[in-house]
Amino acid sequence: MFGLSHCSTCQKAQAELEAAGWRVDFRDVKDAPLSEDERRQMVAEFSDKLVNRASLTWRAMSEAERGANPVKMLGERPSVMKRPAIIEGDQRLLGWTKNVKRALGLEA
């Protein structure tokens, strides 16, 4: 799981997964930034949906910054990443929605 340790959604996701018996490897992308190769791979896997266009970080960015390549953008502003980003086997999941929980077997 990738996200920010102070993000309440990431905290909730991690707590719910651990309560269901999952072992969660969490990486705070601000404290342990993704390398350019890792960012490139994540953008390839999640597409530009990895950029959270509803975040406060996004809203504070200039139009020029918003137009940047997502790989560069996520390197300069890790908090603009949609979170949590979960990689489990072949699954690539973004956010903590009912559909994500269902995909992980947490909701029927």
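This is a predicted model: local features need pLDDT of at least 70, side-chain atom pairs count only at pLDDT 80 or more; totals for chains, interfaces and linings use all residues.
Residues are numbered from 1 along each chain as its sequence is written, and side-chain values use heavy atoms, with hydrogens and water left out.

So what does R27 pair with in a salt bridge? The partner is E38, and the closest N and O atoms are 2.8 Å apart. This pair ties together distant parts of the chain, eleven residues apart: R27 belongs to strand β2 (residues 27-28), E38 to helix α2 (residues 36-46). Those element names come from DSSP runs numbered from the N terminus, with helices being H or I over at least four residues and strands being E over at least two. E38 is also partly exposed, its relative accessible area being 30%.

A salt bridge here means a side-chain nitrogen of Lys or Arg within 4 Å of a carboxyl oxygen of Asp or Glu. Searching the whole structure with that rule turns up ten salt bridges.

Stay on helix α2 for another one. D37 and R40 meet through their side chains in a salt bridge, 3.1 Å from N to O. Both residues lie in helix α2, three residues apart, or about one turn of the helix. D37 counts as exposed at 55% relative accessibility, while R40, at 41%, is partly exposed. E36 joins in as well: E36, D37 and R40 make up a network of salt bridges.

Further along, R77 bridges to E65, with the closest N and O atoms 2.9 Å apart. Here again the pair links distant parts of the chain, twelve residues apart, with R77 in the loop between α5 (70-76) and β3 (85-88) and E65 in helix α4 (residues 63-66). R77 has a relative accessible area of 29% and is partly exposed; E65 is partly exposed too, at 30% relative accessibility.

Finally, a look at a ring. Where does the charged end of R53 sit? It sits over the ring of W58, 5.0 Å from the ring centre. To count, NZ of Lys or CZ of Arg must be within 6 Å of the ring centre and within 35 degrees of the ring normal.

Notes
Buried means under 20% relative accessible area, exposed over 50%, partly exposed in between (1.4 Å probe, protein chains only).
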